[in-house]
Amino acid sequence: MNLDRPIAPDPYEMLPQVPGFELCSTAFEDGESVPDLYAGCGGDVSPALEWSGFPAATKSFMINCFDPDAPTPAGFWHWTAVDVPVGITRFAEGAGESDATLPGGFHVAGDGGDYSYYGPYPPEGDRPHRYYFAVHALDVESLGLNAEATPTTVAFNALFHTLARAVVHGTYRR
């Protein structure tokens with residue numbers, strides 16, 4: 001099968017602009033390859049994330065991972081954690097395994113169907129995919145959603161409450 005297609009835009013450049021803040025991962029550098037441990041064909045372990053410099057008015061966070069390069073019209077949601085309390089400013093490696101391992105908040109099911117992190121797993125032989133890990137600083141303690149919401153519904157609702165956003169992205173190819 002031929003997977004040639006245009007390169008999708010950076011998904012966060014397509015949204016209304018908001019201030020940024022710092023987000024880093026000890027797993028990979030921004031724009032670099034995601035190690036196999038964090039990929040769907042490796043350990044499928046969520047990478048450690050740490051953030052700082054968000055607005056003082058922040059009341060909660062929403063964290064997600066999105067692949068705009070998936071060969072679908074809508075990309076592919078790999079991870080969404082909702083209603084993360086403002087006092088939490090890091091996720092340890094593996095925090096995305098389940099709601100029990102999250103330091104706060106809850107998961108909604110990603111496009112892989114699980115209520116957890118689902119690592120990079122692009123089609124074999126396709127070009128490198130980009131995986132955008134984003135932390136959204138929100139002006140509400142809760143988005144008022146439950147675990148049955150879709151990642152797209154979460155992202156839509158979060159848009160109206162986003163004070164600032166931090167993004168780091170990695171790439172992966174099989």
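## A loop with two aspartates

D44 sits in the loop between β1 and β2, where strands (E, at least two residues) and helices (H or I, at least four) are DSSP runs numbered from the N terminus. D44 is not a glycine, yet its phi is positive, at about 55°. Its relative accessibility is 29%, so D44 counts as partly exposed; that label covers the range between buried, under 20% relative accessible area, and exposed, over 50% (1.4 Å probe, protein chains only).

D36 belongs to the loop between β1 (22–24) and β2 as well. With a relative accessible area of 48%, D36 is partly exposed. Not counting residues up to four places away in sequence, D36 touches G42, G43 and Y172, contact being heavy atoms within 4.5 Å. A155 is 119 residues from D36 along the chain, and 27 Å separates their C-alpha atoms.

## How to read the model

This is a predicted model, in which local features need pLDDT of at least 70 and side-chain atom pairs count only at pLDDT 80 or more, while totals for chains, interfaces and linings use all residues. Residues are numbered from 1 along each chain as its sequence is written, and side-chain values use heavy atoms, with hydrogens and water left out.

## The overall fold

The protein has 1 helix and 8 strands. Along the sequence they follow the pattern β-β-β-β-β-β-β-α-β. Among contacts between residues at least 6 apart in sequence, 74% join residues at least 24 apart.

For 174 residues, a compact globule would have a radius of gyration near 16 Å, and the 15 Å of this protein agrees with that; the radius is taken over C-alpha atoms, and the globule rule is 2.2 Å times the number of residues to the power 0.38. Taken along the principal axes, the C-alpha atoms fill a box of roughly 50 × 30 × 30 Å.

## Surface and charge

Of the 174 residues, 45% count as buried. The protein exposes about 8,300 Å², and carbon and sulfur atoms supply 53% of that area. Accessible areas come from the Shrake-Rupley method with a 1.4 Å probe, and for residues only the protein chains shown count as cover.

There are 8 positive and 23 negative charges, and their mean positions are 5 Å apart. Lys and Arg count as positive and Asp and Glu as negative, with His and the chain ends not counted; each charge is placed at NZ of Lys, CZ of Arg, CG of Asp or CD of Glu.

## The nonpolar cores

The largest nonpolar core holds 28 residues, of which W51, I63, W79, F91 and F133 touch the most other members. Such a core is a set of buried Ala, Val, Leu, Ile, Met, Phe, Trp, Tyr and Cys residues joined through side-chain atoms within 4.5 Å. At least two residues of this core come from each of β2 (49–52), β3 (60–67), β4 (76–85), β7 (129–138) and β8 (162–172). Apart from this core lies another, of 10 residues, including M62, F106, L143 and A149.

Leaving aside neighbours within four places in sequence, W51 is in contact with F21, E22, L23, F61, I63, I88, T89, R90, F91 and V135. F133 lies in strand β7 and has 0% relative accessibility, so F133 counts as buried. Beyond four places in sequence, the contacts of F133 are L23, F28, P47, L49, N64, C65, W79, Y117, A166, V167 and V168. One of these, V168, is 35 residues from F133 in sequence and 5.4 Å away in space, C-alpha to C-alpha.

## Two more places to look

D83 also has a positive phi, of about 60°, although it is not a glycine. D83 is found in strand β4, and it counts as buried because its relative accessibility is 14%.

G112 lies in the loop between β6 (106–107) and β7. Its relative accessibility of 42% is why G112 counts as partly exposed. Setting aside residues up to four places away in sequence, G112 touches F76 and W77.
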